[in-house]
Amino acid sequence: ADSKDNIWFTSCRFREGGIVKFDGNTWNVFTPENSDLPVNMVHSISIDHNDNVWLALGETVTKSYLVKISGDKWTSFTSNEIGFSPYYLGNIEINSRNEVCASIDYSLSSTYFNSGPQAFVFDGKFSLQLKIDSLIKIKSLKVDNLDNIWCNTYNGFAVYNWDKWTINDEIFNGIGSFTIEQAPDNKIWIGTGNGVYINN
C-alpha cells in the first residue's frame, strides 16, 4: 500500500498479466501491452519513502529488470543501469536511505557454486553487489530497522551489517528457512518448516 492507500499487487505468470493498482474504487491492470512494463512476470513490489513504486521483474535468467513508477512516469533499469546482470531476481525491500535491496535467486541454476552475488543494493545510479560465498543460496531478504540485511538461506540465515556477514547456515538444516520478518519490538521472527523461531 502506498501513502494514498492505493493497493499494488501482482497478477501474473509467464508472459501473462502484470501488476494491479486498486485505489478503493477502480482496478487498473498494467501489462507490457498497455504500459511501460518490460515483461509480465513481477517478482516483488516495494514502495520507497518518496511514494515511488519499485518492481522486480524477469522471465528468464540473467535478464532482470527494476522498474520505478513515479506518478505517471515509468523508468526501467536493466543490466546497463544496474551495472551487472543479476541471475534471477527474488524480492526487493527499501532501506532507510531509500535504496533498493534485492535478493538474487540461483534456484534455477544447475551449478553447485554461485559465481555472482546473492544480493545487491541499488540507489538508482549505482549498485553494491553483496556476496556471502560461492555456496550459499538465498530465498529472500529482509531489511531491519537498522538497515541490516537478513537473508533466508536453505538451512538458516545470513545477516549483513554493512561491515561483515554473520552466517548460520546449519541451524535449520533439514527443515528449511522460508521467511524473515521484524516485529515492532525489534525481534526477528523466522518462519521454518518446523514452526516459527524468534531471534532476540
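The following exercises, each with a worked solution, concern a predicted model.

**Exercise 1. Describe how strand 1, strand 2 and strand 3 are connected and paired.**

Step one is to take strand 1 (residues 7-13) together with strand 2 (residues 16-22), which pair in the antiparallel sense over seven bridges. One of the residue pairs joins R13 to its bridge partner E16 in strand 2. The two strands make a hairpin with two residues between them, and R15 in that turn has a positive phi of about 60 degrees.

Step two moves on to strand 3 (residues 27-30), which pairs with strand 2 in the antiparallel sense over four bridges. Here K21 stands opposite N28 in strand 3. Strand 2 and strand 3 again form a hairpin, now with four residues between them, and the turn residue G24 has a positive phi of about 100 degrees.

**Exercise 2. Work out the strand order of the open sheet that four strands form, and name its edge strands.**

To begin with the order, the strands of this open sheet run 4-5-6-7, with antiparallel pairing. The edges are strand 4 (42-47) and strand 7 (73-77), because each of them pairs on one side only. Neighbouring strands of the sheet are turned against each other by 20 degrees on average, direction ignored.

**Exercise 3. Characterise the largest pocket by its volume and its lining.**

The volume comes to about 220 Å³. The lining of this pocket consists of 15 residues, and those that lie nearest its centre are W8, K21, I69, S70 and G71. Sorted by class, the lining has five nonpolar, five polar and five charged residues. K21, one of the residues nearest the centre, is also the residue that stands opposite N28 in strand 3.

**Exercise 4. Decide whether I149 is buried or exposed, and list its contacts beyond its neighbours within four places in sequence.**

The residue is found in strand 13 (residues 149-153).

Leaving aside neighbours within four places in sequence, I149 is in contact with C101, V121, L130, L141, K142, V143, A158, V159, Y160, W162 and W165. As a separate check on distance, the C-alpha atoms of I149 and I19, which are 130 residues apart along the chain, are separated by 26 Å.

Terms used: Residues numbered from 1 in each chain as written. Predicted model: local features only at pLDDT ≥ 70, side-chain atom pairs only at ≥ 80, totals over all residues. Heavy atoms only, no water. Pairing = 2+ DSSP bridges. Axes fitted to C-alpha atoms, helices over the stretch in contact; angles between N-to-C directions. 1 Å grid on protein atoms, 1.4 Å probe; cavity = no way out; pocket = protein on both sides within 12 Å on 5 of 7 lines; lining within 4 Å. Points joined across faces, edges and corners; volume = space filled by probe spheres on them. Nonpolar A, V, L, I, M, F, W, Y, C, P; charged D, E, K, R; others polar. Contact = heavy atoms within 4.5 Å.
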